[in-house]
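Hello,

Here is the structure I said I would pass on. My notes on it follow below.

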Amino acid sequence: MSSLRVFFVGGYLAYRALFSWLRPSIYIPTMLGGPVFQILFFAYIGRFAGLRNDEFFVIGNAVQASALAGIFGTAMTIGGERWTQTLSPLLATPANRIALFLGRALPLIVNGVFVSAFGFAVGWALLDFQLAAGEIPGIALVVVVSSFACTALGLTTGAVGLRARDVFFLANLVTLLLLLFCGVNVPFDSLPGWMQTVARGLPLTHGIQAARELAEGVALSDVSGLVATEALIGACYAALALGLFRFFEAEGRRRATLETM
Amino acid sequence: MRRTLRLLYAGWKFHLKSLTISGFFIIVSVISPVIFASIAYLMFRAGARPGSLLFVAIGAGMMGIWSATLFGSGGAIAWQRWQGTLEYCVAVPPAFIWVILPLTIATSTIGLYSLTSTLIWGWLFFDVPFELVHPAWFFVSLPVAVLALGLLGLVLASTFVMYRQANALSNLLEYPIWLVTGLLPGLTLLPGWTRPSSRALAPTWGVKALREAALGGEPGFAVAMSAVLGLAYLVIGHYCLRYFEKLAREKATLSLQG
């Protein structure tokens with residue numbers, strides 16, 4: 001019961017605190033404005049370079065938008081605790097660590113899905129992009145799975161934040177690398193071979209590919225392998241994150257570095 | 001006059017050093033432009049439009065200069081607030097503008113790392129040739145563009161002071177300015193109603209001057225426009241800063257935080 005409370009109530013409070021108690025003046029520019037302009041920016045580069053149609057960029061960037069909340073949000077819930085000097089009291093509590101950290105991830109997964117859906121809607125309103133009603137449930141599922149996988153990677157980044165001093169640097173770097181490697185704006189086949197190999201182990205790559213195929217009218221059952229791979233990658237990162245949390249917490253206590261800024 | 005120049009130089013040097021060792025600014029001014037340049041190189045290579053990758057390298061470099069200016073100058077006053085030094089900066093004998101101006105120019109100056117890194121990265125990994133049609137114009141355009149962006153930073157710093165969540169506003173303004181100033185996608189594709197805002201923004205003329213100097217053209221007009229806009233930003237920034245400083249003194253809100 002106590003773990004459930006930590007999971008839901010703790011996660012909800014951490015999420016509200018992340019956006020300074022959910023002020024629209026912070027949430028709207030950061031979580032909605034930024035991704036929308038990102039979609040427009042890359043769609044226009046795509047037109048200028050004669051690369052692909054708007055649909056390619058709307059799908060890639062709208063799915064990738066879920067990474068912003070997942071990676072930054074989870075990383076910042078750890079970095080923020082250190083910044084406000086509350087990390088040590090938090091880790092001194094007997095709270096179940098899985099409930100503590102996964103509870104913080106859940107609202108960010110939901111948030112990622114919302115941001116992604118907003119990106120799709122704006123792409124539909126402003127660019128040459130349309131989805132048939134029958135394609136929406138499949139793409140929604142892909143977005144949920146991709147948002148989970150990105151948040152799991154964010155948890156791993158946040159876990160490293162228990163040791164590394166500058167978790168924001170790491171979160172920025174991870175987000176940028178996902179944008180480069182995962183075929184968000186460059187067709188996957190056009191990436192150099194070594195980049196494709198790296199990308200296959202990252203969240204988003206399979207999710208974006210699945211979403212693009214669904215938008216072309218392929219049945220959900222035909223992309224189930226891609227969706228399952230995306231989910232598996234997310235599960236692996238979540239397991240890695242929990243292992244790293246345990247390890248770095250023990251190390252932080254032993255070396256007295258939890259409050260190092 | 002000499003005192004003011006010394007203050008400007010000392011402040012610029014101090015902030016340049018301070019920003020150079022900041023992890024966030026390393027991301028903004030070096031890593032992020034290199035990653036965006038790589039994405040753009042790959043997109044242009046895979047695309048149907050033949051074009052010079054030097055065009056892309058210069059655009060990506062200018063994107064970094066804008067980001068550094070936006071986050072550095074937009075957050076300049078907020079940072080002074082957080083550090084508890086804003087009241088001292090306002091209270092010292094020189095006018096507040098001479099204290100803030102070196103900081104905003106330093107933020108655009110560290111953007112030079114962006115252009116350098118995208119050019120070197122492109123040359124090393126994407127065979128981008130660094131052959132300039134008008135080398136003299138290129139090296140005139142560069143400092144003028146940096147100075148104009150620094151002065152635009154002064155306008156950002158002075159107006160963002162009214163908005164306590166300056167970082168959120170900076171997050172919002174990064175992509176739109178990249179878009180409307182034609183740093184990577186050409187201006188010709190944008191709707192006509194964006195043209196006036198494009199023309200009023202220094203990055204439009206800065207990147208135009210650099211591209212015409214590098215790839216051929218007449219960069220003189222674009223350089224002149226950068227300089228004129230820079231002066232206009234200085235005047236606007238001066239009045240905004242004076243007005244908001246007066247307002248903040250009257251309401252005693254200088255040290256209040258978000």
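Angles under 35 degrees count as roughly parallel, over 145 as roughly antiparallel, 65 to 115 as roughly perpendicular and the rest as oblique. This is a predicted model, in which local features need pLDDT of at least 70, side-chain atom pairs count only at pLDDT 80 or more, and totals for chains, interfaces and linings use all residues. Residues are numbered from 1 along each chain as its sequence is written, and chains are lettered from A and ligands numbered from 1 in the order in which they are written.

In chain A, helix α3 (residues 54-83) and helix α6 (residues 136-160) have axes that come within 7 Å and cross at roughly 30 degrees. Helices here are DSSP runs (H or I, at least four residues), numbered from the N terminus; axes are lines fitted to C-alpha atoms over the stretch in contact, with angles from 0 to 180 degrees between N-to-C directions. α3(A) and α6(A) are therefore roughly parallel to each other. Residues meeting there include A:Gly70 and A:Gly73 from α3(A), and A:Cys150 and A:Gly154 from α6(A) (contact: C-beta atoms, placed from the backbone, within 7 Å).

Between the chains, the contact takes 31 residues from chain A and 29 residues from chain B. On the chain A side, α2(A) gives the most, with 16 residues.

In chain B, helix α7 (residues 112-125) has 14 residues. Its buried residues (20 or more other C-beta atoms within 10 Å of their own) include B:Tyr113 and B:Trp121. These buried residues of α7(B) pack against α2, α3 and α6 of chain B. Just after α7(B), B:Asp127 takes a positive phi of about 55 degrees.

Regards

Note on methods
Helix = DSSP H or I, 4+ residues; strand = E, 2+ residues; numbered from the N terminus. Contact = placed C-beta atoms within 7 Å. Expected span 1.5 Å × (residues − 1). Buried ≥ 20, exposed ≤ 12 C-beta atoms within 10 Å, placed from the backbone.
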